Amino acid sequence: MSIAPHDIADRDDIEAVVVAFYRRAFADDLLGPVFVDIARMDLAAHLPTMCDFWETVLLRTGAYRGNALRPHLQLDAEVALTPAMFERWLALWTATVEERHRGERAEHAVAQARRIAGALQRRLGASRPADDRTGAAAGG
Ligand code: HEM
């Protein structure tokens with residue numbers, strides 16, 4: 001790389017990270033099928049929401065007013081989102097951020113992703129019926 005990595009400065013930086021992350025996630029052997037075949041995620045439609053979300057986390061603009069748990073609850077009802085999937089998500093996110101940026105906000109982006117992933121997993125776990133662990137995804 002010819003330019004030294006700088007910290008995440010603005011929404012353009014966030015958008016570039018988010019696009020690079022989803023490019024990887026869509027091509028990933030574990031996460032790709034979830035995003036592409038099950039969620040049928042439309043990145044162009046989803047991108048402004050993800051940028052609002054990360055802008056709010058990193059730049060404190062308050063642009064994101066959604067409920068991040070809801071789509072994951074819906075998805076988890078279709079295909080159980082496993083700890084391995086969350087670990088992969090975090091590995092791809094961390095690699096994408098660290099490749100492009102260095103600094104406090106970059107570190108915050110990685111740390112917050114890990115914290116939120118943990119919170120999402122706890123909430124998903126709490127929403128699953130206790131005896132439904134093997135049955136949930138068996139039909140698909
Ligand atoms: C196994 C891991 C994950 C999978 C498979 C996954 C998948 C998805 C999908 C399919 C959507 C819906 C996209 C759409 O509306 O078309 C979504 C939304 C979202 N995800 Fe994830 N996600 C994962 C982990 C995470 C983590 C760790 C974070 C945060 C650090 C996160 C943040 C969000 C946010 C903010 C939204 C938008 C919520 C809204 O619509 O307001 N996701 N995710």
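Where is the place of Arg60? Arg60 sits in the loop between H3 and H4, where helices (H or I, at least four residues) are DSSP runs numbered from the N terminus. The structure is a predicted model, in which local features need pLDDT of at least 70 and side-chain atom pairs count only at pLDDT 80 or more, while totals for chains, interfaces and linings use all residues. Residues are numbered from 1 along each chain as its sequence is written.

**Loop residues with positive phi**

- Arg60 is a residue other than glycine with a positive phi, near 55°.
- Arg60 is exposed, having 8 other C-beta atoms within 10 Å; a residue counts as exposed if 12 or fewer other C-beta atoms, placed from the backbone, lie within 10 Å of its own, as buried if 20 or more do, and as partly exposed in between.
- Arg40, in the loop between H2 and H3, has a positive phi of about 50° although it is not a glycine.
- Arg40 is exposed, with 7 other C-beta atoms within 10 Å.

**Shell around the ligand**

- Among the 23 residues around the ligand, Ala39, Gly66, Pro71, Met85 and Ala117 come nearest; a residue is near a molecule if its C-beta atom, placed from the backbone, lies within 6 Å of it.
- At least two shell residues come from each of H2 (32-38), H3 (43-59), H4 (69-78), H5 (83-100) and H6 (104-127).
- The most is given by H6, with four residues.
- The shell comprises 17 nonpolar, five polar and one charged residue; Ala, Val, Leu, Ile, Met, Phe, Trp, Tyr, Cys and Pro count as nonpolar, Asp, Glu, Lys and Arg as charged, and the others, Gly among them, as polar.

**Helix H1**

- The 17 residues of H1 (residues 11-27) should span 24 Å at 1.5 Å a residue, and the end C-alpha atoms are 24 Å apart, which agrees; the expected span is 1.5 Å times one less than the number of residues.
- Buried in H1 are Asp13, Ile14, Val17, Val18, Phe21 and Ala25.
- They cover an arc of only 130° around the axis, so they lie on the same side of H1; the arc is that of the directions from the helix axis to the C-beta atoms.
- The face of H1 turned away from its buried side carries the exposed residues Asp12 and Ala27.
- The cover over the buried residues of H1 includes H2, H3 and H5, contact being C-beta atoms, placed from the backbone, within 7 Å.

**Helix H5**

- The buried residues of H5 are Phe86, Trp89, Leu92, Trp93, Thr96 and Val97.
- Their arc around the axis is only 130°, which puts them on the same side of H5.
- H1 and H6 are included in what covers the buried residues of H5.

Technical notes
Two residues are in contact if their C-beta atoms, placed from the backbone, lie within 7 Å.
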